[in-house]
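Welcome! Take it one topic at a time and find each part as you go.

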Amino acid sequence: MSKRNVAIIAHVDHGKTTLVDKLLQASGTFRANEEIQERVMDSNDIERERGITILAKPTSIEYKGSHINILDTPGHADFGGEVERIMNMVDGVLLVVDAYEGTMPQTRFVLKKAIEAGVKPIVVVNKIDKESARPKEVIDEVMDLFIELGADIDDLDFPIVYVSALNGTSSYSPDLSTQEPDMTKVLDLIVENIPEASKDVEGGLQFQPALLDYNDFVGRIGVGLVKRGKVKTGEMVSCIRVDGSVKQFRIAKIFGYVGLKRVEVSSAEAGDIVAIAGLPDISVGETICTVGQEEALPLLRIDEPTLQMTFGVNTSPFCGREGKIVTARKIQERLLKETERDVSLKVTPVPDNSEAFVVSGRGELHLSILIENMRREGFELQVSKPAIIKKEIDGVLCEPFEEVQVDVPDEYVGSVIEALGNREGSMQNMANENGQTRLHYLVPTRGLIGFMTEFMTMTKGYGIINHTFDSYKPLAGNNVGTRKTGVLVSIENGKSTAYALGQLEDRGVMFIEPGTEVYEGMIVGENNHDNDLAVNVVKGKNLTNTRSSSKDHTVVLKRPKIMSLEVCLDYINEDELVEVTPVGYRMRKRILNTELRKKQDARK
């Protein structure tokens with residue numbers, strides 16, 4: 001049976017995972033009576049809630065005598081490193097493009113990686129059933145992108161299929177009336193156009209992990225492609241480490257992929273995508289070889305982290321009330337366990353503080369998903385504002401910059417240009433069509449921290465913003481990405497009252513409602529001015545035995561502003577922290593005591 005290895009790549013939310021669902025169904029992978037969830041590849045709760053793919057996952061199907069391994073990849077920029085490494089495991093890609101949105105920043109990023117790896121592309125124009133679909137213009141955009149990225153002449157003659165992944169229909173024509181109710185057109189293109197995987201089974205073994213997984217029973221697992229030779233369970237093999245040293249170990253288990261299931265197999269050969277266990281510290285990019293025939297494959301590049309945050313033990317007065325796991329040792333164990341499967345994550349203890357750890361990752365989303373997972377597992381912790389990781393290049397201090405694409409209705413363009421200008425953004429391009437303007441910018445990563453909430457407010461929710469890491473450039477201005485407004489900080493412990501909140505409404509926007517437990521130093525609202533204001537939100541109305549001449553009115557309060565985890569991380573300044581518990585999030589000052597905080601501010 002011939003083998004084909006293919007990855008599905010696209011900008012976030014262009015329909016990769018939904019497409020995989022329909023390909024699995026079209027190939028007869030599921031039983032007729034089997035109940036299938038939507039986006040079946042998004043197995044993690046957070047993936048399903050947010051509608052994003054966080055971890056690349058392999059699956060396989062049988063179709064017309066071919067065994068097709070499919071890798072569903074993340075579309076978000078923070079997880080782009082996985083896309084790059086996966087290109088070493090596949091011979092072709094399905095580039096999924098939205099029939100209305102066309103090519104987006106992440107489309108450029110993933111296609112660039114595919115072209116550099118020299119894999120065969122097939123273009124899938126998805127959401128063809130949208131009323132606003134413009135397939136012909138989108139294909140022109142894709143062609144322009146191929147040319148711009150320096151693709152070979154052969155690559156420009158790419159096969160195209162038009163689909164509605166949601167409805168499970170496909171056609172070779174952009175005409176909606178020609179859509180047929182199955183996905184066999186996509187599978188046929190894979191079989192006809194993607195080259196067969198290597199069949200070099202005679203040479204010595206070469207296997208290179210491109211992804212990591214972790215299992216409590218067997219420890220760390222390396223997922224990758226067998227490039228050459230054969231491997232079987234129990235065999236002694238050599239591992240050529242990243243530093244060039246060689247370590248021998250015995251293969252404990254080999255896992256293959258059948259449909260959605262990871263199944264244990266006794267052997268694998270060239271062209272198979274498998275997971276291998278047996279070396280407790282196996283790492284991405286190392287080469288596993290036959291003993292005595294050690295030949296290293298080229299090392300895989302792992303994206304360096306660009307953002308870091310401090311994770312520490314919760315020191316608020318409410319510590320231990322809402323979470324079961326609160327100690328530094330448990331937090332450190334959990335963070336180190338995460339590094340077993342996530343090569344883009346780095347954890348280091350904070351010098352002179354045994355209860356805090358610096359966690360470095362690829363972006364805000366990357367780190368906030370780790371925090372959210374820990375919260376759901378019962379952890380309590382406090383985290384600092386995300387900070388960029390600076391680098392010295394040729395004697396110049398540099399910081400990460402992002403390529404930003406903004407789509408907004410014309411009426412909001414002025415506000416967006418002004419806001420990005422204040423954040424040291426430089427405009428690269430501007431285009432207008434049908435009352436919508438598309439802006440391309442280069443912005444320091446610092447400038448995007450805290451920008452999302454402001455952007456949504458500024459464009460009344462009609463704006464769309466996408467960004468992806470571009471490069472390190474010399475440091476921009478000093479005050480990029482800091483919050484301009486002050487906050488309202490509680491000076492008392494207790495439960496907030498409607499009376500006290502009603503008295504403070506004209507001072508700013510509240511984050512809490514009556515009956516919320518607060519403590520001294522907790523942030524309860526946003527000040528209308530640029531300074532912090534200490535307020536009493538637990539004060540009750542003084543009662544007297546004199547009857548009021550006018551009838552007491554019921555206090556009607558404005559709804560408080562609801563802050564999600566990402567919004568809290570964006571919002572806080574350097575002197576503030578986010579307290580994370582299984583029940584929710586609170587923002588607080590680093591120094592809780594009001595008098596001490598005043599003295600500290602006076603020193604500044």
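Are H4 and H5 parallel or oblique to each other? They are oblique to each other, because helix H4 (residues 105-117) and helix H5 (residues 135-148) pack at an angle of about 50 degrees. Please keep in mind that this is a predicted model.

- The axes of H4 and H5 lie 10 Å apart, and H4 passes H5 in a right-handed crossing.
- On the H4 side, the contact is made by Thr107, Arg108, Leu111 and Ile115; on the H5 side, it is made by Leu145, Phe146 and Glu148.
- A second pair to find is helix H9 (residues 413-422) with helix H11 (residues 451-458), which pack at an angle of about 160 degrees with their axes 10 Å apart.
- Angles over 145 degrees count as roughly antiparallel, so H9 is roughly antiparallel to H11.
- H9 contributes Ser415, Val416, Ala419 and Leu420 to this contact, while H11 contributes Phe451, Glu454, Phe455 and Met458.
- The crossing of H9 and H11 is right-handed.

**The sheet of eight strands**

- Strands of a sheet pair through backbone hydrogen bonds, either parallel or antiparallel.
- In this open sheet of eight strands, the pairing is antiparallel and the order is E12-E11-E17-E8-E9-E16-E13-E14.
- Strand E12 (246-250) and strand E14 (261-265) are the edge strands, each pairing on one side only.
- From one strand to the next, the twist averages 40 degrees.

- Another open sheet has four strands in the order E30-E32-E28-E33, and its pairing is mixed.
- Its edge strands are strand E30 (508-510) and strand E33 (533-535), each of which pairs on one side only.
- Here the twist averages 30 degrees from one strand to the next.
- Three bridges link E30 with strand E32 (residues 523-527) in the antiparallel sense, and Gly508 stands opposite Asn527 in E32.

**A hairpin to trace**

- Strand E25 (residues 426-433) and strand E26 (residues 436-444) run antiparallel and are joined by seven bridges.
- How many residues lie between E25 and E26 in their hairpin? There are two residues between them, and Asn434 in the turn has a positive phi of about 50 degrees.

**Nonpolar cores**

- In soluble globular proteins, nonpolar side chains tend to be buried together.
- The largest nonpolar core here has 59 residues, and those with the most contacts inside it are Val90, Leu95 and Phe146.
- Not counting residues up to four places away in sequence, Val90 touches Asn5, Val6, Ala7, Leu71 and Val119.
- A second, separate core has 34 residues, including Leu345, Met374, Val487 and Val489.

- Asn126 lies in strand E5 (residues 120-126).
- Is Asn126 buried or exposed? Asn126 is buried, because its relative accessible area is 3%, and buried means under 20%.
- Leaving aside neighbours within four places in sequence, the contacts of Asn126 include His14, Gly15, Val96, Asp98 and Ser164.
- Val284 is found in the loop between E16 and strand E17 (287-290).
- Val284 also counts as buried, at 3% relative accessibility.
- Among the residues in contact with Val284, leaving aside neighbours within four places in sequence, are Arg85, Pro209, Leu211, Val242, Leu300 and Val343.
- Val284 and Ile160 are 124 residues apart along the chain, and their C-alpha atoms are separated by 33 Å.

Conventions. Residues numbered from 1 in each chain as written. Predicted model: local features only at pLDDT ≥ 70, side-chain atom pairs only at ≥ 80, totals over all residues. Heavy atoms only, no water. Pairing = 2+ DSSP bridges. Axes fitted to C-alpha atoms, helices over the stretch in contact; angles between N-to-C directions. Core = buried A, V, L, I, M, F, W, Y, C linked by side-chain atoms within 4.5 Å. Buried < 20%, exposed > 50% of the residue type's maximum accessible area, 1.4 Å probe, protein only. Contact = heavy atoms within 4.5 Å. Parallel < 35°, antiparallel > 145°, perpendicular 65-115°, else oblique. Left-handed = near helix turned anticlockwise from the far one by under 90°.
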